[in-house]
Amino acid sequence: MSAAAMKLRPGQQQILRYQNGKMGVSAVPGSGKTWTLSYLAADLIKSGAIQPDQEVLIVTLVNAAVDNFSARISGQLQAAGLLPGLGYRVRTLHGLANDIVRMRPDLAGLSNGFQIVDEVEATRIIRSVSETWLQSNPEFFEPYLDFDESQREKIYTQSQNLPALVESIAVAFIRLAKDRQLTPPDLHRLLAQVQIPLPLVELGAGLYREYQDALNYRGSVDFDDLIRLALRCLESDPSLVATLRQRWPYILEDEAQDSSLLQQKILSLLTGETGNWVRVGDPNQAIYETFTTASPQYLLDFIQRPDVLTRSLPESGRSTWSIISLANSLINWTRDKHPNLDARKALNPPLIQPTPPDDPQPNPPDCPDCIQLVEQLLSPDQEVKFVVDSIEAWLPEHPDQTLAILSPRNTRGFKFADECQRRGIPVVDSLLRSTSSTRLSTSAIFHILNALCDPRESGKLSTAYRVWRRKEREDEQRWPFYQAIAKRIKSCDRVEDFLWPQTANDWLTEIKAEGADAAVLDELETFRDVIQRGQNSVFLPIDQLILTLSQDLFLEPAELALAHKLSVLLRQLSNAHPDWRLPEFTEEMKQIANNQRRFLGFSNEDTAFNPDLYPGQVVVATMHKAKGLEWDAVYLTAVNNYNFPSGEEYDQYQSEKWFARDHLNLEAETLAQLNALTEGRAMDWYQEGAATLEARQEFIRERLRLFYVGITRARRWLTVTANSGRASARNVPARAFLELINAWEKHK
Amino acid sequence: MALTSEQSRLLDHPSTRKIALVGPAGTGKTTAGTLWLKKLLESGIPANQILLFIPQRTLAKPYEDSLWDDLALSQGLVSIVTLGGLARRMLDLFWPAISSQTGVAQPDRPPQFLTLETAQYFMAHVVRPLIEEKNYFESLTINRNRIFSQILDNLNKAAFVGFPIEEIAPRLKAAWVGDVEQMHIYDDVQASALAFRSFCLEHNLLDFSLQVEIFIKYLWPLPACRSYLTQSYRHLIVDNIEEDTPVAHDVLREWLPDFDSAVVIADREAGYRFFLGADTQSAMTVVDACDETLLFEKNLVSSKDIQGLQNGFRRAVASLMGETPLQQSLPGADATRAIVTPRENPRYFPAMVNWASAEIRRLIDQGTPAGEIVVLAPFMSDVLRYTLSRKLDEYGIPHHSHRPSRALRDEPAAQTLLTFATVAFPEWGLLPQRINFAFALMQAIDPFDLVRAQLLSRYVYDERAEGFPLKPFEEVPAEVRDRITYRAGERYEQLRSWLAATLPEDDQTLDFFLNRLFGEVLSQPGFGFHNDLENANTVATLIESIQKFRWVIGDQLNHDDFSTGKEYVQMVADGVIAAQYIQPWQDAPKDSVFLAPAYTFLMRNQAVDVQFWLDIGSPAWYQRLDQPLTQPYVLSRRWKAGEVWTTEDELRAANATLLRLSLGLLNRCRQKVYLGMSEMDVSGYENRGLLLRIIQQVLLETKRGIR
C-alpha cells in the first residue's frame, strides 16, 4: 500500500512532506518511527531526488534494525515497480564507519586487509592485559581499598573482585579514550605535561597501551576504533567528505537519542551545514549512556536549533490506555516530583497519545484488570515462582498471544527461563544468548571437534553422533532408535575397533553376531564414514577442517554460511595465535556454543527478533534487549531499589564495590581523571568522590528511562514485581515503582 | 593457420627492422610475436642470439610452447629474461669489476642474493628492534610481517622507478593529506629502509632492489658488460612491455639501437602490474623508439556481445567519473546476452559457490570443454578455493588452481617433519603438544589411524621431558600394545630409534637431518610418505627453504648460542617464513577448470570461452594493495612533485583500475561472463562495491537501448 493510499496520522503526514534540510523528530514508543522513516526513504528514492550513483543513507543502532529497514524499503520500492536494493544503504554506526574506513584505510593507518576483532576477542585481550597488569602491580589499589585483612586473599584473587574491577576499568577507560580520539601516545604526552599525579589515568593508559599493542600485533581494530578512525579519515581529507556528501545526499538517523559524540560528529561532517539530515528518536528511551559519551542531549539540542524543522510523533497505537497512562504518569512524576532533583530531567514530554479513532493501528481495548503491580516484596525465589505460576495460569487461556519476562540482567533472566523449562513451559531465551540456532550449529561443530581431539573417548563419540543426527529429534517415533544407537556407541570400549577395525577386531562384526539388526549396522557404518572423513582431515588448516566437517553436518544455507563465517574467524584466530592447535580451537567453539562469546550468526533470529513468531511461548530477555520490541503481555521483574535506585540514603549502586574505600566508584573516578586530564585543568577539575556521586545520578536517570522502556513494551497485560535480592542486600521496591502503584490506584 | 593482415604485414618485414605492435589484447599480437620468433629461427639466426624480454616469467609461455612445438628449429636456447633475471646474471658475471663501487663492506667477496623470504627475514631482524624499542609504526594497525614486506616494496619501487631510496619518505609525505601526526610513519619507513640497506651492504647481501639498483648504476654503464650483452644478443622480442617498469623501459630504449632487429609488443588499455611498478607511459617511449608501429585493432577473440559489454563498461565508468561517455555503438551487440546472472541473488556466500559450480556442471554437460572455463575472484581466499574445489570434485569436474602453495605451517607433511625435528632436538625447548605428536605419527606410519596414534602418543610421549621425550614401545602396557597393533608398534620403534640416534645440531644441519629422516625412514615402505609424490615435493621445498635460510642467515648470524634450525622452526611458526612458491602452471592438466585470482588469469594471457566472476560486490576488485606504508601512484614516475593524493584521486584510480581489469578480462573472453555475488560476503559483510554499480549501470543502459 502506498503512503497516499494508506491513512496517515497528522504527525506522519508532516514528516513525509519533508523534502530537504534538517529535521528533528521526537517520537514516543510505538509511534511507528521505523515505518515512517522507511517510508520517507522510499519516497525520496521514488521522487527522483536520488541520482543513479547516490543513496539515501539510513543510520540506525543495531543490526536487527538494519534488516528491518532494508526489508521495508525494498518492499516499497518493489511495489512501485523499481529495482529493490538500489538507492539506499542501511547501516549501523559501526557498519557506516567500516564503509568509510575501507575507502581510505591508509588515512586511518590501516592495511587494506585489516580485521575487526569481535567483542569477545577484545574482552579476551583486555582480560589478559588486566591480569598481567594486576600481577605486576599488586600494591596499586591499596590506597583505594577498605577491607578487613582477613578478606585480602578473597579480594585479590577471586575473579569477581579486583580482577573484575581492573577489567571493567580497562573497558571503560579504553572506550572513553577512543571516544575522545586519544591514542596511547597522546595520553603519554598529556600525562607528562601535568604536575599532579593522576594514578588512575596512568593505570588506564598502561592498560590501553598494552591492549592496542595486542590489537596491532593482530593487524586488527575493535569496534570503537572503527568509529574513531572513520572520523579521523573524514577530518583529514576534505575530498573524502565531498565524495561521500555526493554519494549520500540524504541521511536519515534512527534511534538518535543514543547517538554518541562521535556519531554526531561523523554525521555532521557527512551532511555539512546545508545538507539533508533527519534525526528521529525518543529521548525517553536513551538507555545506552553509562560510561559512554552517548546522550539524548544531542538530539534535544539538535531539535532546538533554529535551522532545524521540529516534528513529533506523539501517537501510539501499541498499548491500552491503562498502560499508556502508567507510562505517562512515570514521566509526570519524574519531572515534577522525583525527590532527587537531578533525576527530574530523566524523562520528558511528549506524553504518549492514543491513536485517533479511525487509525489503521488502533490501540487495544482498554483493560485495567490486565495490570498487576505487585507491591509485596518477594524473595528472588518467590519472585520466580510468582511470575511462573502466573504465566502457567495465563498461557493456556491465551495461546495466540505473545508474552515476555523482562529482567534488568541476563543472569536473572536465566532463572526464569530455567523455571519455565523445568515446568515444561515453552521458553525462548535467544535474546539472552547467541541465537539458539547459531548455538546449535556451533555446538554441532564443537562436539565433532571434541570427538576428534580425544578420539579414544566413546562418550564424546556418542555425543558427536547425537549432534550429527540432531534434526531427527523432532521425529518422536524415530528418535528412540537414534538414542539407542548413541547408547550403543557409548558402550564401545575400544573405539578403534569400531572406527578403524582390523580383521580380528571389528566391533560391528561383534555386534552383528550378537544380533544387531541391519538398520542399526547401516546407521553405524554411515556414521563411521563421517568420523573417518573427519579424522583424516585433522591435518588440514582449521578453516578447511571446519568446512570439511560442515559438509557432513549441515544442509541449510544459513548453517553453511555460518560454517563459512566460523572458518574465517578461526583462521584469523589461528593467524593471531600461531601456537593454537585443535584443542584450543575446540575450546573456542565451545565458548561460542555455550555463549560465553556472542557470535553473530546468519540465521534470521540473529539479525531480527520478531516476538510475534512466538505466540503461546515465553520470551525471556533483558529490558535493554527488549527495546524496539513489543508483546501482548509483559512481566517486568526485579524492579527494586538496587536495579532502579532513586538516590535515597539506603540505596546501593552496582558500580561501587564493597571493598572500595568510601564507596568509591573506581570506574567513574578513573574516567573523571581522564576527563580532567584532557580538559587541561587536572588540578581544579578532579576531586575524588565527585565522579562517584555524578555516576549515581546518571545511573538513576538511565534506570528511570529503562523502567519506562520496560512498561511501554506491553500491549495489554503488564505485571511488575520486585524482589529483595540476596539476604544481605535488603532491597526494597524501587521508589518509581511505588509511585506508579500510587498513581495507578488514583487512576482506577 | 590463417594469418590476419597485421600478422602478415609483420612477417613481410625483413629481420633488420625494429617494429612495435600495439593494440588491445585479443588481436593476435603475441601470436605474431611467436611467428616472428619462428621466422628468425627459420632464417638461420642462432637461438642464443635472440633475447625474449618479458616482465614476468609466465608471459613467456606462448613462446616456450611454440619452441616446444618446433624443437628442430631451436638449436641452442633462446634467452628468456626479466629485468631482475638479467641484473642477477650480470652481477654474477661482472661482480669483481664493480664491487668496490657498490658500497658493500667486503667487495672482494661474492655477494649473497636474498630471496623474498630471506629478505623478509633480515628486514624483520633489522626493524623489529626499532618497533619494540623505539616505538616505530606505533600509530599503525598492521600485522608486522606486512610492515616488513611493505618496506621492501618501497625499496623495490625506488629501484624500478629509478629514484634514490632516500627519497621514499619525502615523496610519500609531500603527497599526504591525512592527519599530520600520521606522517611520522613515513619517517619510520625511511629509517627502516636505510637501516636495512646498511645492513645489506655491511653483510654483502643483495636484496632484489639492490640487485636492480647496482645493475642500473654500475653494470649497465660498464663498457664490458654492455659489449657482452650487445655481442650476445642481436635480436630482441619484448612482449607485454606495458607490464614492465620504467627502469626496464630505460634499459630497453637505450639498448634498442644495438640490436639488428626488434619486435616490441604493447597491449593498449592494460598495465595490470601497476601495483608492482608497471608504467604504460614509459612503455610507450620504447614503442616510439622503434622504426615503425603496426596497429592491431581487430578483436579475434570476443563475441560481438562481449565487445558490446566492453563498450558498456567504458561508458559506465566515464559517467561515474563525470566525463561525457563516448557513444561507441556496435550494431547488433547486446551486452545483456554476454552476461549470465543467477535468477535470484543468493543471500549467503556458499549459495554463490553452489550456483557457480552447478552452472559449470551444466556448461560441461552441454559440451563446453572444462579448459574453456575459468573461475575468477579478486582474491582467491583459501575458503573460496577450498569450497569450490570440493564442489567441483563432487561433480567429478577436473580443475586446478594457480596459486602460491600453502604456507609451510599449513602443510601437513612439513608439519610432520618439523614436529619430529623438535622431538629430536629437545635442547631447543620446542617440544610439540601431544596432539601434534599424535598427528605426526598418524602421518608418518602407514597405515595408522588417529585413535591408535593418540593412544600410542599417550603412553610413549612426554611433552614435559627435559631430554629425549620418547619411550620404547615395549614400555607400553601389553594390553594397550595389542590395541595399537604390533605392526604399528614396530614402525614406531624404527622411527624412535632413528630419532634417538640423532646427532646434536652442531654436527648436522636441520636440512641434512630432515633429508635423512625422509630418505631413511619416512619414505620407506610401511611409512606414510612412501610413494607419495605430492608430499615428496613439499618436503623438497621445505628442505630447499631451510638450505637457503641456512646459507644466508647461518653465515650472518653465526654465534655460539644461535641455532639456525631452531630459528627456522620458530620463523615458520610465526609465518615469517612461508616458503610459498607458485606451483608451476605448466603442470596444470590441459582440460580442466581454472580457479584463479583475476590478475593471475590476466598474466597468463590466454582467452577462454566462459568466465565466472565471483564476489562482484567486493572492493578488492579495484582497491590498491599494500597500504598504508607504500603508494604505487605517488612513487610512480608520472607523479608530479608537490601534488597531494586525495580521495578524488583514489576514486579515479579505482575506476581506472577496474576498467583496465574488466576490459582485460573481457578481451580474454569469447562468449559469456557469469556474475556471482551474494548479499553477504563470507564474513557476513554486505558489500556493494564499484564493480557491482558499474554492472548495474551497464544493464540499465542496455535496457534503455544503448548498445
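Visitor: How many helices and strands does the secondary structure of chain B come to?
Guide: This is a predicted model, where local features need pLDDT of at least 70, side-chain atom pairs count only at pLDDT 80 or more, and totals for chains, interfaces and linings use all residues. Residues are numbered from 1 along each chain as its sequence is written, and chains are lettered from A and ligands numbered from 1 in the order in which they are written. Helices (H or I, at least four residues) and strands (E, at least two) are DSSP runs, numbered from the N terminus. Chain B comes to 27 helices and 14 strands.

Visitor: What radius of gyration does chain B have?
Guide: The radius is taken over C-alpha atoms, and the globule rule is 2.2 Å times the number of residues to the power 0.38. For 707 residues, a compact globule would have a value near 27 Å, which agrees with that of chain B, 28 Å.

Visitor: Why is helix α18 of chain B largely enclosed by the rest of the structure?
Guide: A residue is buried if 20 or more other C-beta atoms, placed from the backbone, lie within 10 Å of its own. B:Phe437 and B:Met442 are among the buried residues of α18(B). The helix (residues 434-444) is largely enclosed because its buried residues number 10 of the 11.

Visitor: How many residues does the contact take from chain B and from chain A?
Guide: Two residues are in contact if their C-beta atoms, placed from the backbone, lie within 7 Å. The contact takes 57 residues from chain B and 58 residues from chain A.

Key. Buried ≥ 20, exposed ≤ 12 C-beta atoms within 10 Å, placed from the backbone.
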